[in-house]
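Please read them with the coordinates open.

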Amino acid sequence: MELMAKPFLVDPERVSGLSGLLVRSHYENNYLGALARLNAIRKKLEESRWKPTLAFSLIGAKREELLAANSVFLHEAYFEVLGGDGIVPAGGLSVALERDFGSVDQWRAEFTSLARAMSRGSGWAILAWSSREARLVNQWAGDHTQLLAGASTLLALDMYEHAYHIDFGAKAAAYVDAFMAGVQWDVVASRYARAIDEASLGMGIQASEAAAEGAITILDVRRRPVYSLSCESIAGSEWQDPAQPTEWMRNIEKSGPVMVYCVHGREVSRSIALALNAKGILARYLAGGIEAWREAGLALATERTHAMD
């Protein structure tokens with residue numbers, strides 16, 4: 001089946017920091033070019049499927065298919081985030097960036113340094129979610145065959161010269177700054193939420209089931225600002241900062257089950273449950289979060305056990 005092109009989601013003339021000429025040239029020549037190449041390669045492979053083929057010819061064709069496919073998919077990830085304000089919103093993704101890099105600013109410094117290091121070279125700087133490690137990683141890809149196995153691409157910055165030369169010449173660092181200032185972070189956050197949802201399938205526990213289990217370690221991992229404004233928590237739970245888990249995770253017993261909860265049972269608690277499981281700690285997240293617990297009429301406490309500074 002022929003793969004169809006994804007259209008622009010924003011007007012190329014309204015992408016802050018990048019000219020319409022650059023964006024259209026990049027899309028038409030490089031993205032659409034890679035798509036046409038991918039479809040041609042797959043058509044050729046389909047035509048020759050039942051014919052005897054020399055091993056090196058087949059390997060070469062499949063390698064070219066991989067190069068073209070990853071070029072298409074990375075370019076789609078690139079174009080889909082253009083046209084934003086560059087501000088990372090508070091939420092599950094910002095918590096994950098702080099947890100895995102120290103802060104959003106520290107992540108940004110590492111990511112942009114990686115991109116700038118490819119100046120006058122080629123490749124991609126990628127922010128990805130590694131399901132194996134249950135964490136965010138910044139990944140270098142020198143070409144389109146070097147993606148991290150099992151990872152989901154959240155943000156892809158094209159550092160091939162075609163992505164910036166029309167506007168910036170050899171000033172790749174200025175291009176990196178312009179791109180970062182115009183990222184649509186709601187798109188990136190949605191990609192992160194989908195990756196977490198997929199990775200945490202089957203890990204949820206219903207409020208009634210959790211209450212019936214009784215002897216279980218319960219961790220409140222609502223974001224610090226949310227927890228600070230709340231006057232209630234699940235009885236017997238202890239608050240732990242989801243953005244700073246390194247120290248407190250060391251103190252969690254590996255023998256007993258753990259239930260974590262946030263407000264709605266989305267990516268904050270799910271990502272912490274995944275991180276705990278990656279460390280060998282049996283953990284589940286409360287489906288629906290504390291709101292589901294409240295709706296079920298289960299016990300809530302107004303005196304909270306917490307470790308806030």
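1. The model is predicted. Strand E5 (residues 217-220) and strand E8 (residues 258-261) run parallel and are joined by 4 bridges. One of the pairs is Thr217 with its bridge partner Val258 in E8.

2. The E5-E8 pair belongs to an open sheet of 5 strands, in the order E4-E9-E8-E5-E7, with parallel pairing. Strand E4 (204-205) and strand E7 (238-239) stand at the edges; each has a single partner strand, so one side of each has no neighbour in the sheet. As background, strands of a sheet pair through backbone hydrogen bonds, either parallel or antiparallel.

3. What lies across E8 and E9? Helix H11 (residues 267-278) does, and it runs at about 175° to strand E9 (283-286).

4. Helix H7 (residues 185-199) has 15 residues. From first C-alpha to last, H7 reaches 21 Å, close to the 21 Å expected at 1.5 Å a residue. The buried residues of H7 are Trp185, Val187, Val188, Ala189, Arg191, Tyr192, Ala193, Ala195 and Ile196. For reading such a list, an α-helix has 3.6 residues a turn, so residues three or four places apart point the same way.

5. Is Glu65 buried or exposed? Its relative accessibility is 13%, and because the cut-off for buried is under 20%, Glu65 counts as buried. Leaving aside neighbours within four places in sequence, Glu65 is in contact with Leu38, Ile41, Arg42 and Leu45.

Conventions. Residues numbered from 1 in each chain as written. Predicted model: local features only at pLDDT ≥ 70, side-chain atom pairs only at ≥ 80, totals over all residues. Heavy atoms only, no water. Pairing = 2+ DSSP bridges. Helix = DSSP H or I, 4+ residues; strand = E, 2+ residues; numbered from the N terminus. Contact = heavy atoms within 4.5 Å. Axes fitted to C-alpha atoms, helices over the stretch in contact; angles between N-to-C directions. Buried < 20%, exposed > 50% of the residue type's maximum accessible area, 1.4 Å probe, protein only. Expected span 1.5 Å × (residues − 1).
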